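Please keep the model in view while reading.

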Amino acid sequence: MLKKNNMLVYILAVGVFGILNTEMGFVGVLPFIASQFDVSIMEAGTLVSLFALGVAIAGPTMPLLFSGINRKLVMLMVLGIFILGNIVSIFAPNFTILLIARVIPAFFHPIYCSLAFSVAAASVKPELAPKAVTKIVIGVSAGMVIGVPISNFIAGAFSLKMALSFFAFINVFVFLVTLIFVPSMPVKQRLSYGSQISVLKKPMLLISILAVILMNGAVFGVFNYLAEYLGHVTAVSLSTTSVMLFVYGAMNIFGSMLAGELLTRNALHTVRFFIIALFGMYSLLFLGGQFLIPMIILTILWGLLGGINANATQYWISHAAPEAPDLANGVFLTSANLGTTLGTAVGGVFIAEWGTPYVVLVGLSFIALAGLVIFAQINCLTEKNSLNLKKVLELESSPGIILKKKKKNTVL
């Protein structure tokens with residue numbers, strides 16, 4: 001049973017790699033798309049930004065709509081839609097068709113990723129859930145950071161169609177593996193839409209959403225300009241920039257693996273550590289980002305913290321609404337995308353107004369705000385737990401309770 005559960009988690013991890021690879025891999029082929037379809041880089045960039053917008057819109061709704069359907073059928077449906085979108089992209093006669101083939105699958109993206117998180121967590125004992133979810137996050141991280149250089153290499157060495165075919169191949173592979181090896185997974189206890197939506201009224205969930213938006217904004221508001229920062233501030237060559245981006249990606253995956261162990265041991269300490277460490281790292285980056293050796297060390301640390309962030313933010317929202325896991329994971333995806341979009345937009349403003357070195361201040365500002373929200377939330381939870389414990393102790397020590405206990409002992 002354990003082996004079957006492990007295999008299921010690994011299939012889901014490869015599945016989210018294929019989904020995220022389709023999303024982020026386009027970043028690596030934007031120049032080739034602009035050239036082939038005779039559009040500007042800015043227009044080609046809408047293939048990425050509109051996809052992210054579709055994910056953000058669909059995050060809270062689509063996982064909810066499909067939450068009562070057999071998990072395996074839902075997985076196959078989403079993978080099938082992505083395969084169809086990949087095939088249309090390969091043979092798209094114009095940019096408009098390519099854009100449509102990109103945007104439609106985006107609305108189904110949160111269904112698969114939300115399901116992957118939920119199924120992975122449910123396949124093991126509760127205390128081991130963070131480790132199982134870590135495998136899914138590694139797939140997400142790999143899709144985000146490995147898909148870009150791979151697609152760029154294939155498009156440059158062979159052709160744009162070959163790069164787009166790579167996206168399709170991964171999704172076809174996962175579709176077949178899912179069809180053959182994943183058992184039927186009917187939903188045994190279907191939650192009503194009303195009961196799931198009601199969790200959105202929970203103050204702790206709303207605070208968690210704000211925290212995740214700020215944490216993701218802190219990471220991606222600076223990371224999305226890392227290549228430009230390395231070129232203009234650290235003043236390294238394009239080849240060195242590529243190597244450092246690869247280092248960041250490798251450390252990001254390692255950070256995801258490390259986060260699973262840390263969250264299992266003590267989730268609150270892990271989140272606190274992330275907030276303080278990222279603030280410290282950005283402070284050092286602002287002071288010494290122009291020097292190569294310190295920048296290499298900071299990039300390694302940055303990658304580790306980026307991997308921890310992906311796990312910590314998913315944990316933070318899913319544990320704020322455990323009674324509706326599919327909806328919670330959908331909300332996580334929306335929050336993460338909103339944070340990325342907001343952070344990137346603010347980072348662009350800082351670069352335009354004050355210059356590339358000052359984009360680091362965006363990360364510092366976002367993580368400082370996230371720290372205020374997180375620490376306030378932790379204090380509220382601590383005070384609430386203390387009050388609950390105090391009430392229990394007072395109740396158990398009251399004369400009435402003592403009398404009942406004595407009476408019960410006498411009867412026994």
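## Overall fold

Of the 412 residues in the chain, 50% are buried. The model is a predicted one. Its secondary structure consists of 19 helices and 0 strands.

Contacts in the chain were also sorted by sequence separation. Among those with a separation of 6 or more, 83% join residues 24 or more positions apart.

## Helix α17

Helix α17 covers residues 325–354, which is 30 residues. At 1.5 Å a residue, α17 should span 44 Å.

What follows α17? Glycine 355 comes just after the helix. Its phi is positive, at about 110 degrees.

## Packing of α3 on α17

Two packed helices are described by the angle between their axes and the distance between the axes. For α3 and α17, the angle is about 140 degrees and the axes are 7 Å apart. The pair therefore counts as oblique; the cut-off for roughly antiparallel is over 145 degrees. The crossing of α3 with α17 is left-handed.

Which residues of α3 and α17 meet? From α3 come Ala52, Val55 and Ala56. From α17 come Thr334, Asn337 and Leu338. The residues of this contact divide into 4 nonpolar and 2 polar, with no charged residue.

The numbering within each set can be read against helix geometry. An α-helix has 3.6 residues a turn, so residues three or four places apart point the same way.

## Positive phi in two loops

Aspartate 38 is not a glycine, yet its phi is positive, at about 55 degrees. The residue sits in the loop between α2 (30–36) and α3 (41–58). Is aspartate 38 buried or exposed? Its relative accessibility is 70%. Exposed means over 50%, so aspartate 38 counts as exposed.

Alanine 235 is another residue other than glycine with a positive phi, here near 60 degrees. Its place is the loop between α13 (226–234) and α14 (238–265). Alanine 235 has a relative accessibility of 60% and therefore counts as exposed.

## Summary

The chain has 19 helices and 0 strands. Aspartate 38 and alanine 235 have positive phi values without being glycines. Aspartate 38 is exposed, and alanine 235 is exposed too.

Terms used: Residues are numbered from 1 along each chain as its sequence is written. This is a predicted model: local features need pLDDT of at least 70, side-chain atom pairs count only at pLDDT 80 or more; totals for chains, interfaces and linings use all residues. Side-chain values use heavy atoms; hydrogens and water are left out. Helices (H or I, at least four residues) and strands (E, at least two) are DSSP runs, numbered from the N terminus. The expected span of a helix is 1.5 Å times one less than its number of residues. Buried means under 20% relative accessible area, exposed over 50%, partly exposed in between (1.4 Å probe, protein chains only). Axes are lines fitted to C-alpha atoms, for helices over the stretch in contact, and angles run from 0 to 180 degrees between N-to-C directions. Angles under 35 degrees count as roughly parallel, over 145 as roughly antiparallel, 65 to 115 as roughly perpendicular and the rest as oblique. A crossing is left-handed if the near helix is turned anticlockwise from the far one by less than a right angle, and right-handed if clockwise. Contact means heavy atoms within 4.5 Å. Ala, Val, Leu, Ile, Met, Phe, Trp, Tyr, Cys and Pro count as nonpolar, Asp, Glu, Lys and Arg as charged, and the others, Gly among them, as polar.
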